[in-house]
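Trainee: I am new to this structure. Could you walk me through it with some questions and answers?

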Amino acid sequence: MAKIGFIGLGIMGAPMAGHLLDGGHEVTSCTHRKAPPDALTKKGLKVVKTPKDVAAASEIVITMVPDTPQVEAVLFGENGVAEGLKKGTLVIDMSSISPIETKTFAKKINDLGCDYLDAPVSGGEVGAKAASLTIMVGGTDAAFEKAKPVFALMGKNITLVGPNGVGQTTKVANQIVVALTIEAVGEALVFASKAGADPAKVRQALMGGLASSRILEVHGERMIKRTFDPGFRIELHQKDLNLALQGAKALGVSLPNTATAQELFNACAANGGSGWDHSAMVKALELMANHPVAEDSAASAAAE
């Protein structure tokens, strides 16, 4: 049993921390944006006042917050994790943030005599709840080996891909693939629906062929059933694609379809959809086609 600190108990973080509790670990957290869920405190989650207090009580500290500035604040702000660390503590950031800033954060933590892993995840709320997340890790072999039993309680596909920063680079690449696949599924279902086909039956047929994917399975169903509660919010995917486009500019790489996907997310955000699930990118395509994949009132019946 390890003493684990977990900061960021949101849509993804709460079920992840729950799996650690179920695995017999002692888990400590604090309020970040909102108080820890009652369901976790009933499982035995310990709650302290600040990230500093979380670090002081822990051998491993995990952060799972929305963006780079939040990670920096939690780690290095007033009463932050860095102030409470003991030498030998392992800090694991499972947020999706800037690869460049990640390297800076890792060096600061290393200078305190502690190890650092960047370990962003893919799989969304479904994967977090099912403990089937893909975990992309940057850091040293020794730190990775120490973290593997903890990762195994939250995910299935766990890979050390390189040194600090490479985990975050891999996550940015993942988000490019996810965004472009959501766009492809959205285009296909809008096209099929406007042509007069039943989108639910089209999706069912495509699931048996080369076009089959997890996104067609999960997000295609969301598009048909009109279930756009996150999930993974559009504003967070916008943040990830911004990292991709900024990185591409610095590297001299062209990402034309990533830019298109970002513009579709921007269109959704401009229409009040920043908090929609990212599968709602289809709404931007529907607007241009003047045709929804399925009517909201008949969505459930259409998806049967």
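This is a predicted model: local features need pLDDT of at least 70, side-chain atom pairs count only at pLDDT 80 or more; totals for chains, interfaces and linings use all residues.

Trainee: Let's begin with the open spaces. Which element gives the largest share of the lining of the largest pocket?

Mentor: Good place to start! The largest pocket has a volume of about 980 Å³, and of the 41 residues lining this pocket, Met12, Gly124, Glu125, Gly231 and Phe232 are the closest to its centre. At least two lining residues each come from β7 (121-122), α7 (124-130), α9, α11 (214-225) and α12. The largest share, six residues, is supplied by α9.

Trainee: And which element gives the largest share of the lining of the second largest pocket?

Mentor: The second largest pocket has a volume of about 460 Å³. Its lining counts 19 residues, with Pro99, Thr169, Leu243, Gly247 and Leu251 nearest the centre. The elements giving two or more residues to this lining are α6 (99-111), α9 and α12. The largest share, seven residues, comes from α12.

Trainee: How many nonpolar residues are in the lining of the second largest pocket?

Mentor: Let's take each pocket by class. The lining of the largest pocket has 15 nonpolar, 17 polar and nine charged residues. For the second largest pocket, there are six polar residues and one charged residue, and the nonpolar ones number 12.

Trainee: Now the helices. At what angle do α9 and α12 pack?

Mentor: Two packed helices are described by the angle between their axes and the distance between the axes. Here α9 passes α12 in a left-handed crossing, with Val172, Gln175, Ile176, Val178 and Ala179 of α9 meeting His237, Asp240, Leu241, Leu243 and Ala244 of α12. Those residues divide into seven nonpolar, two polar and one charged. The axes are 9 Å apart, and the angle is about 115 degrees.

Trainee: Is the crossing of α9 with α14 left-handed or right-handed?

Mentor: The axes of α9 (residues 166-194) and α14 come within 9 Å and cross at roughly 35 degrees. Glu183, Gly186, Glu187, Val190 and Lys194 of α9 make the contact with Val282, Leu285, Glu286 and Ala289 of α14. By class, this contact has four nonpolar, one polar and four charged residues. The crossing is right-handed.

Trainee: Let's look at single residues. Is glutamine 238 buried or exposed?

Mentor: Glutamine 238 lies in helix α12 (residues 234-251). Leaving out residues up to four places away in sequence, glutamine 238 touches Gln262, Phe265, Asn266 and Ala269. Its relative accessible area is 13%. Buried means under 20%, so glutamine 238 counts as buried.

Trainee: How far apart in space are glycine 273 and arginine 233, C-alpha to C-alpha?

Mentor: Glycine 273 sits in the loop between α13 (256-270) and α14 (282-289). This glycine is buried, with a relative accessible area of 0%, and beyond its neighbours within four places in sequence it is in contact with Ile234 and Cys268. Glycine 273 and arginine 233 are 40 residues apart in sequence, and their C-alpha to C-alpha distance in space is 8.8 Å.

How values were computed: Residues are numbered from 1 along each chain as its sequence is written. Side-chain values use heavy atoms; hydrogens and water are left out. Helices (H or I, at least four residues) and strands (E, at least two) are DSSP runs, numbered from the N terminus. Buried means under 20% relative accessible area, exposed over 50%, partly exposed in between (1.4 Å probe, protein chains only). Contact means heavy atoms within 4.5 Å. Axes are lines fitted to C-alpha atoms, for helices over the stretch in contact, and angles run from 0 to 180 degrees between N-to-C directions. A crossing is left-handed if the near helix is turned anticlockwise from the far one by less than a right angle, and right-handed if clockwise. Ala, Val, Leu, Ile, Met, Phe, Trp, Tyr, Cys and Pro count as nonpolar, Asp, Glu, Lys and Arg as charged, and the others, Gly among them, as polar. On a 1 Å grid over the protein atoms alone, a cavity is a set of points where a 1.4 Å probe fits but cannot get out, and a pocket is an open set with protein on both sides within 12 Å along at least five of seven lines; lining residues have an atom within 4 Å of a point. Grid points are joined across faces, edges and corners, and a volume is the space filled by probe spheres set on the points.
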